[in-house]
Amino acid sequence: MEKLYTWLDERLGLQTIYNTVLDRKVPKVNWFYTLGSASLFLFVMQAATGIFLTVYYVPSPDHAYDSIQYIMNGVAFGWLIRGIHHWGATLMVIVVFFHMLRTFFFASYKYPRELTWLTGAGLLLCTLGMGFTGYLLPWNQRAYWATTVGTEIPGTAPFIGPFITSVLRGGTDLSGVTLARFFSVHIWWLPAAIVLLIGVHMYLIIRLGISSVPKQED
Ligand code: HEM
């Protein structure tokens with residue numbers, strides 16, 4: 001094993017990666033500083049369970065509802081995977097939000113961490129977008145009408161409102177086109193944006209280090 005490790009380390013620089021990414025010096029912090037890692041864990045869990053769900057989920061008005069019923073009642077542990085994905089989504093929104101509150105109240109957004117904050121703001125928007133687009137996918141009454149209302153709200157904006165609604169719906173009403181584009185955004189566009197933003201977010205955290213708990217005199 002040791003020989004294999006040395007062989008790989010010489011070629012890949014594993015030790016350097018370990019030292020830079022995991023063996024960093026961190027100031028004495030508290031439990032609130034774990035919320036970022038908790039957000040990361042939840043994102044990975046959502047991605048894993050979501051990939052499993054796409055094996056059986058069919059994004060068409062004729063089959064979406066039935067495919068979810070099948071996942072719940074016919075697929076081994078389908079109820080568990082869907083349950084984790086469902087509750088994980090709610091938990092992720094809450095945890096990301098509390099992570100933002102932590103960085104705000106501890107003033108971690110100040111110099112030199114402005115870009116960490118900005119990429120974080122992008123991550124919050126994408127997380128909310130995941131919740132919004134995922135809600136329609138079960139294609140039941142609640143999903144249908146919640147999205148009808150949700151896509152109507154931006155429609156009230158002056159001038160561009162109706163345009164935004166029609167882009168979101170892919171027409172004047174909710175239809176198979178809406179379901180297809182919400183599915184596409186939910187499994188490709190937003191996850192790609194989140195992976196990219198997390199990459200930059202983490203790079204900045206490694207490069208700049210974690211801020212320390214502000215003291216009274218700060
Ligand atoms: C999917 C969403 C997110 C993930 C996975 C994530 C991940 C992380 C991780 C692992 C850390 C380092 C540990 C920590 O300080 O908790 C961190 C730090 C930070 N995050 Fe996030 N984050 C997310 C969303 C956000 C949001 C919404 C904001 C603010 C708008 C934000 C702003 C920051 C800032 C300013 C830091 C630096 C903290 C410091 O140096 O003390 N992040 N993030």
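Author: Let's start with the helix H5, which gives the most to the lining of the largest pocket, with 8 residues. Keep in mind that this is a predicted model. The pocket itself has a volume of about 1,100 Å³. It is lined by 35 residues, and the closest to its centre are Gln 46, His 85, Ala 89, Gly 134 and His 186. Besides H5 (78-105), the elements that give two or more residues to this lining are H3 (35-54), H4 (64-73), H6 (114-136), H7 (141-152) and H9 (176-208). Sorted by class, the lining comes out as 22 nonpolar, 11 polar and 2 charged residues.

Now for the second largest pocket, where about 830 Å³ of space lies. Here 37 residues form the lining, and Gly 36, His 99, Arg 102, His 201 and Ile 205 are the closest to the centre. H5 turns up again, together with H3, H6 and H9, as the elements that give two or more residues to this lining. By class, you get 20 nonpolar, 14 polar and 3 charged residues.

The whole structure holds 11 aromatic pairs. Take Phe 32 and Phe 106: their ring centres are 6.2 Å apart and their planes stand at 75 degrees, and since an angle over 60 counts as edge-to-face, that is what this pair is. Phe 106 has 18% relative accessibility, so it counts as buried.

Tyr 56 and Tyr 70 also make an edge-to-face pair, with 5.7 Å from centre to centre and 65 degrees between the planes. This pair links distant parts of the chain too, with Tyr 56 in the loop between H3 and H4 and Tyr 70 in helix H4, 14 residues apart. Tyr 56, at 38% relative accessibility, counts as partly exposed. Tyr 70 counts as partly exposed as well, at 45%.

One last stop: Phe 104, Phe 105, Tyr 109 and Trp 117 form one aromatic cluster.

Key: Residues numbered from 1 in each chain as written. Predicted model: local features only at pLDDT ≥ 70, side-chain atom pairs only at ≥ 80, totals over all residues. Heavy atoms only, no water. 1 Å grid on protein atoms, 1.4 Å probe; cavity = no way out; pocket = protein on both sides within 12 Å on 5 of 7 lines; lining within 4 Å. Points joined across faces, edges and corners; volume = space filled by probe spheres on them. Helix = DSSP H or I, 4+ residues; strand = E, 2+ residues; numbered from the N terminus. Nonpolar A, V, L, I, M, F, W, Y, C, P; charged D, E, K, R; others polar. Phe/Tyr/Trp six-rings, centres within 6.5 Å; stacked < 30°, edge-to-face > 60°. Buried < 20%, exposed > 50% of the residue type's maximum accessible area, 1.4 Å probe, protein only.
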